[in-house]
Amino acid sequence: MTAILRTDAVTMRFGGVTAVDQLTMEVMEGEIRGLIGPNGAGKTTSFNLISGALKPTSGRVFFRDQEISGRDAADIAELGVVRTFQRPALFGDFTVLRNLMVARHLHARESLLQAVLGSGRAMEAKNEGIAMDILRFIGLDKYAGMEAANLPYGHQRALNVAAALATEPKVLMLDEPVAGMNPVEKEAMTGLIRRLRDERGITIILVEHDMRTVMGVCERVTVLDFGKKLAEGTPREIANDPRVIEAYLGSEETVA
Amino acid sequence: MDFPTFLQTVANSVVLGSIYATVAVGLALAFGVMQMANFAHGELFMGGAYVVYVLYALGGVPFPLAVVAAFPIIALLGMLTERFIFRPTRGNVLAGFMATAGLALILQVLVGQTWGVGLMRSIPTPYMAIAEFGPVRLGWQRLIIIPAAFIMMGGLWLFLHKTKWGKGLRACAQDPEAAAINGIGNNKMASLSMLIAGGFAGVSGALMAPILAVTPYMGHGIIVTAFVVVIVGGMASIEGAVLAAFLLGFIHTFTTTLFDAVVSTMVGVAFMALVLVVKPTGLLGRVKQ
Amino acid sequence: MRILLLIVVAALAVAAPYLVPEYYVEILVLFLINLLLASSYRLLTTTGDWSLSHVVLMGVGAYATALAAKLLGWPFWLGLPLAGVASAVIAAALVYPLLRTKGFGFFIASFAFGEFVRLIWVKFTNPFGGPRGMINIPTPELGSIDFFFATPYYYLTLVIVALCLWILYRIDRAALIGDVMKAIYMDEDLARSIGVKVNHYRAMAFITGGFFAGIAGALLAHRLGAIDPKNFDINVMVYLVIWVVVGGTKTFWGPFLGVIVMTIIFETSRPLLEWRPLLFGGILIFFLIFMPGGLESLLPKRWTSRGSSATEVTG
């Protein structure tokens, strides 16, 4: 297996605060990797650095062998590295289906001329079909006509994943995908995560606080603390790592 | 340009920069603290000029008193703007901004209908004497602007750094959520910033009343420059606004001396475009996380 | 139902000059021009960019066609597309630094850039005519039709504006462009994360909107016969904003509502004389505080929905 995503001593400083400190990690293609750590450890900031939402103060990020550090988020998404947000991010006024159709943007674009002449109609119809397929895969197809803002919370998070999936990503970074969910919803989401990797070959990185989910679905886990990599290994290994336990003892959370 | 002319232009630039600074800091403060974008800021300036017109030219009140009176009067106008326009539109910068565009129209009509619309140079110059520093000649009317501006800036600095309310304003500009916890309250912060914005713009207009043509539309002339200064300085940065104000004062004065006023406005805007391309956050601005 | 409405409106539009007194036909011409201006402005607002230089772009088109006609002897039929292109080019030049700004910064930077262009007309008497502007702009010529009169000019404007509005409508309806622009406004970070090059779309909206503003400017120039920098200053820009705020920008038809209502108010409030701007300022403030969605937000949702696709519920 090859490293599909690699960070090389990536650092992020805001004024006097170092949010991410010399983070070096490698994610293999087809892996399901967890990124955990106490609050403020720099997990979401790391996502932001990889996805292009932030430009690193120093260090580099590589996708396959291409440097992506500092590039625009839209360009990085086009290359195949896509992230979801901690909040339910939706195009609220649109229906669920339209959300997906817009999310297909990378693969269904039209020029002004095509828009005016209506020659994009065929592409639009095909796009709608593909969008419905994705909704079926995720299990949201019966909500296709509902306004996205009206979806229940768990379904909104699922829609986030669907939208990310619509871009045909190679690497999918999920930011707290099961936050605020009940056990049933969590099961559904973890099942979905596995299917995304098993059926679609997508490499998954997830930031999570829910330890049961992390232990259950991740193959390897990277632990951050104060912006630095603290430990890395299988879920069992890091659950038994005294440094990890100590880091969490200092916070409100516990390792399963 | 020969040396004496150069010195004269420098002196004029400092005067102009002083005015730009006192006008622009209020705009930057209001935006920085509570995202209040005031399109009617030029009309606050105009209001201050009319305070001098009414009190001094019509009412015979001594000029310095009239200028000082402009502060509370226009500060009140600023606070009313906050209460009735910015507060109901809080959270929507565009709405507040456009609503103050409506306010600008209203103020122009009210002033025009009350005191007439024609060109009004009928403010007698209170200080006719001319000071001379070597080759440089500055009318006292213009000269006094410099210390007045510096006193106001100094006062503002002290207020922002040494008083509880001022520190609260700064905290609010950095991080509204943290400031809310501090307990001073958003409404008071907003009201206070618009009070300062109004007061400063009003006094600037008052000081300029004997120098400029006082009309209901004189705000147009200053608002473009105020916007340019704020962008060049860095949107919410007060220090940036002061720096940019003097920079622009120099750019405008030198260009006017070499060409004319229209060209100087254009050059100012072109400079702003350059800053945007090279450093979009402005000279001293920071990107908010 | 919709087709019926369209036919009625079209019939009214065609019959209009014969249904109203002579004086009003002039107003109808201006109404159509304003409709195009407002609709073109709405395109910019879909991405959230409320530019304050749009009316200046209209002026660019007006001056372009006036110069082409007077200095180069170009006929209206060449001047019209030239106007659109000229405005689009200037828009493209302005948008490059403008894209570095957002929100408040965008508003005031666009205002400053607009002033820059306007001051060029003020400063350079040759060729723009300086503060007094340009006069004797020729009327269009086509065979024996005399476009000097309001009614023929009305039909000319009707055809051109209808075509432009149709193009703008198609862009708005296009799922893959119109929707993306709206998506940018709804959640820009999300749009970026799915690969939308935000600046590309903002520029597209700005330049295309500018193109149509230029067309509107050309129509204006050849109707008024004379233009000066005051026709395109910040006061006019604020009025454009009022039309669009009063109507609403959520759907394509919002600006139509705004222009209709405000034209009526504008004409009927003439007796107010110099108090008029106060009325308009008050209207703007009222709508922004109490009805920010504009008049179209009062209409039942069904009227404003897109409706053609079975799976779409809301517009």
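User: How do the axes of α12(B) and α5(C) run past each other, in distance and angle?

Analyst: This is a predicted model, where local features need pLDDT of at least 70, side-chain atom pairs count only at pLDDT 80 or more, and totals for chains, interfaces and linings use all residues. Here the axes of helix α12 (residues 261–278) of chain B and helix α5 (residues 103–123) of chain C come within 9 Å and cross at roughly 145°. Axes are lines fitted to C-alpha atoms, for helices over the stretch in contact, and angles run from 0 to 180 degrees between N-to-C directions. Residues are numbered from 1 along each chain as its sequence is written, with chains lettered from A and ligands numbered from 1 in the order written.

User: Is that crossing left-handed or right-handed?

Analyst: α12(B) and α5(C) make a left-handed crossing. The term applies when the near helix is turned anticlockwise from the far one by less than a right angle; clockwise makes it right-handed.

User: What makes a residue count as part of this contact, and which ones are they?

Analyst: The test is C-beta atoms, placed from the backbone, within 7 Å of each other. On the α12(B) side, the residues include B:Val262, B:Met266 and B:Val269, while α5(C) brings C:Phe113, C:Glu115, C:Phe116 and C:Lys123, among others. By class, the contact has 13 nonpolar, one polar and two charged residues. The rule is that Ala, Val, Leu, Ile, Met, Phe, Trp, Tyr, Cys and Pro are nonpolar, Asp, Glu, Lys and Arg are charged, and the others, Gly among them, are polar.

User: Zooming out, which element gives the most to the side of chain B that touches chain C?

Analyst: In all, 39 residues of chain B contact 34 residues of chain C. α4(B) gives the most, 16 residues, and α4 (93–115), α10 (218–233) and α12 of chain B each supply at least two. That side of chain B has 32 nonpolar, seven polar and no charged residues. These labels come from DSSP runs numbered from the N terminus: helices are H or I with at least four residues, strands E with at least two.

User: Why are α3(B) and α9(B) called oblique?

Analyst: Helix α3 (residues 63–86) and helix α9 (residues 186–208) of chain B cross at roughly 140°, with axes coming within 6 Å. Under 35 degrees would be roughly parallel, over 145 roughly antiparallel, 65 to 115 roughly perpendicular, and the rest is oblique. The pair is therefore oblique. The crossing is right-handed, and the residues in contact comprise 18 nonpolar, seven polar and two charged.

Key
Two residues are in contact if their C-beta atoms, placed from the backbone, lie within 7 Å.
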